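Here is a quick tour of some charged side chains and how they pair up. Have a look at the sequence and the structure first.

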Amino acid sequence: MKKRTYSFQLALSKSEIADYFDLRQQIFCEEQGLFQGDDRDSIDHRSYPIVAIAHTLDQPDQVVGVVRIYEEMSRLWYGGRLGVHP
């Protein structure tokens, strides 16, 4: 079995953000059928996207987990759209 490690970080680059939204679409639209075509909403404009990245030797890094966090009011934070790759 190949050794796999993980890192967790804010999605900052264009490719990380694209992978973040792609995985959300796979989870919440295709797999769970909760939304038609796209799961984005107004909260995305004020949230911080966080990704879990799998690192495996001889393979490109892959976004395998997503969650968004946002501050509803001062010091009151929520998380949402939490999901993982199968």
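Is Glu72 buried, partly exposed or exposed? Glu72 has a relative accessible area of 40%, so it counts as partly exposed. Keep in mind that this is a predicted model.

Glu72 has a partner: it makes a salt bridge with Arg46, and their closest N and O atoms are 3.5 Å apart. Glu72 sits in strand 3, while Arg46 belongs to the loop between helix 1 and strand 2, so this pair ties together parts that are 26 residues apart in sequence. Arg46 is partly exposed too, with a relative accessibility of 41%.

| Salt bridge | Closest N to O |
|---|---|
| Arg24 and Asp39 | 2.8 Å |
| Glu72 and Arg46 | 3.5 Å |

Let's start with Arg24 and Asp39, which are joined by a salt bridge at 2.8 Å. Arg24 lies in helix 1 (residues 14-31) and Asp39 in the loop between helix 1 and strand 2 (48-56), so the two tie together parts that are 15 residues apart in sequence. Both Arg24 and Asp39 are buried.

Arg68 is in strand 3 (residues 62-73) and Asp41 is in the loop between helix 1 and strand 2, so here the parts tied together are 27 residues apart in sequence. Arg68 is buried, with a relative accessible area of 3%, whereas Asp41 is partly exposed at 28%.

Now for Arg81, which you'll find in strand 4 (residues 76-84). With a relative accessible area of 17%, Arg81 falls under the 20% cut-off and therefore counts as buried. What does its side chain reach at 2.8 Å? The side chain of Arg81 goes to the backbone oxygen of Asp39. There is also a polar contact of 3.3 Å between the side chains of Arg81 and Asp41. Leaving out residues up to four places away in sequence, Arg81 touches several others, including Phe28, Phe35, Val66 and Val67. Arg24 and Arg68 are among the residues it touches as well.

So which residues are linked in a network of salt bridges? They are Arg24, Asp39, Asp41, Asp44, Arg68 and Arg81.

Definitions and conventions. Residues numbered from 1 in each chain as written. Predicted model: local features only at pLDDT ≥ 70, side-chain atom pairs only at ≥ 80, totals over all residues. Heavy atoms only, no water. Helix = DSSP H or I, 4+ residues; strand = E, 2+ residues; numbered from the N terminus. Buried < 20%, exposed > 50% of the residue type's maximum accessible area, 1.4 Å probe, protein only. Polar contact = N/O pair within 3.5 Å; in protein donor to acceptor, adjacent residues only side chain to side chain. Contact = heavy atoms within 4.5 Å. Salt bridge = Lys/Arg side-chain N within 4 Å of Asp/Glu carboxyl O.
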